[in-house]
Amino acid sequence: LGAGKQALVRCLEDIPKPPALQETGGNPHAPELTSTITNCRGCGELTRILQEHSEVLNHTHVSAAWVCLARLRTGRGGGEVLDVLATLQDRTRDVLGRMNG
């Protein structure tokens, strides 16, 4: 590495790393929750996960849920989609509020 790159690497190493996100009450770590949301197989499952983990959802989780809903809505009944849509809209508002958005 050149001198400039070495200096950059040293600067990056000096940046404090954020503590691992460990939720209380049996909630999964953030990446695990994202994976769980992404792998939902039905609207009911997605709604349940969004409700159970509403306090720890972040922008990545909400984004994953919107993508999952788009995938799930193909060929699904309208009632299930409307239920998860209402829940997801509420969670999106919550997350945006915490982000001052």
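Ser 54 lies in the loop between α3 and α4 of this predicted model. Helices here are DSSP runs of H or I with at least four residues, strands are runs of E with at least two, and both are numbered from the N terminus. Ser 54 is buried, with a relative accessible area of 15%. Buried means under 20% relative accessible area, exposed means over 50%, and partly exposed falls in between (1.4 Å probe, protein chains only). Leaving aside neighbours within four places in sequence, Ser 54 is in contact with Arg 91 and Arg 98. Contact means heavy atoms within 4.5 Å. Ser 54 and Val 95 are 41 residues apart in sequence, yet their C-alpha atoms are 9.0 Å apart in space.

Residues are numbered from 1 along each chain as its sequence is written. The model is predicted, with local features needing pLDDT of at least 70 and side-chain atom pairs counting only at pLDDT 80 or more, while totals for chains, interfaces and linings use all residues; side-chain values use heavy atoms, with hydrogens and water left out.

The chain holds five helices and zero strands. Along the sequence the pattern is α-α-α-α-α. Of the 101 residues in the chain, 31% are buried. Among contacts with a separation of 6 or more, 68% join residues 24 or more positions apart.

Helix α3 spans residues 43-52. Its buried residues are Cys 43, Leu 46, Thr 47, Ile 49 and Leu 50. Seen down the axis of α3, these residues fall within an arc of 165 degrees, so they line one face of the helix. The arc is that of the directions from the helix axis to the C-beta atoms. An α-helix has 3.6 residues a turn, so residues three or four places apart point the same way.

Helix α4 covers residues 59-72, and it packs with α3 at an angle of about 165 degrees, with the axes 10 Å apart. That angle makes α3 roughly antiparallel to α4. Axes are lines fitted to C-alpha atoms, for helices over the stretch in contact, and angles run from 0 to 180 degrees between N-to-C directions. Angles under 35 degrees count as roughly parallel, over 145 as roughly antiparallel, 65 to 115 as roughly perpendicular and the rest as oblique. On the α3 side, the contact is made by Cys 43, Leu 46 and Leu 50. On the α4 side, Ala 65, Cys 68, Leu 69 and Leu 72 take part. By class, this contact has seven nonpolar, no polar and no charged residues. Ala, Val, Leu, Ile, Met, Phe, Trp, Tyr, Cys and Pro count as nonpolar, Asp, Glu, Lys and Arg as charged, and the others, Gly among them, as polar.

Thr 47 of α3 is buried at 11% relative accessibility. Beyond its neighbours within four places in sequence, Thr 47 is in contact with Asp 83, Val 84 and Thr 87. Thr 87 sits in helix α5, residues 78-98. Thr 87 is also buried, at 8% relative accessibility. With neighbours within four places again set aside, Thr 87 is in contact with Thr 47, Leu 50 and Gln 51.

Helix α2 runs over residues 30-38, where Ala 30, Leu 33, Thr 34 and Ile 37 are buried. Seen down the axis of α2, its buried residues fall within an arc of 105 degrees, so they line one face of the helix. What covers them includes α3 and α4.
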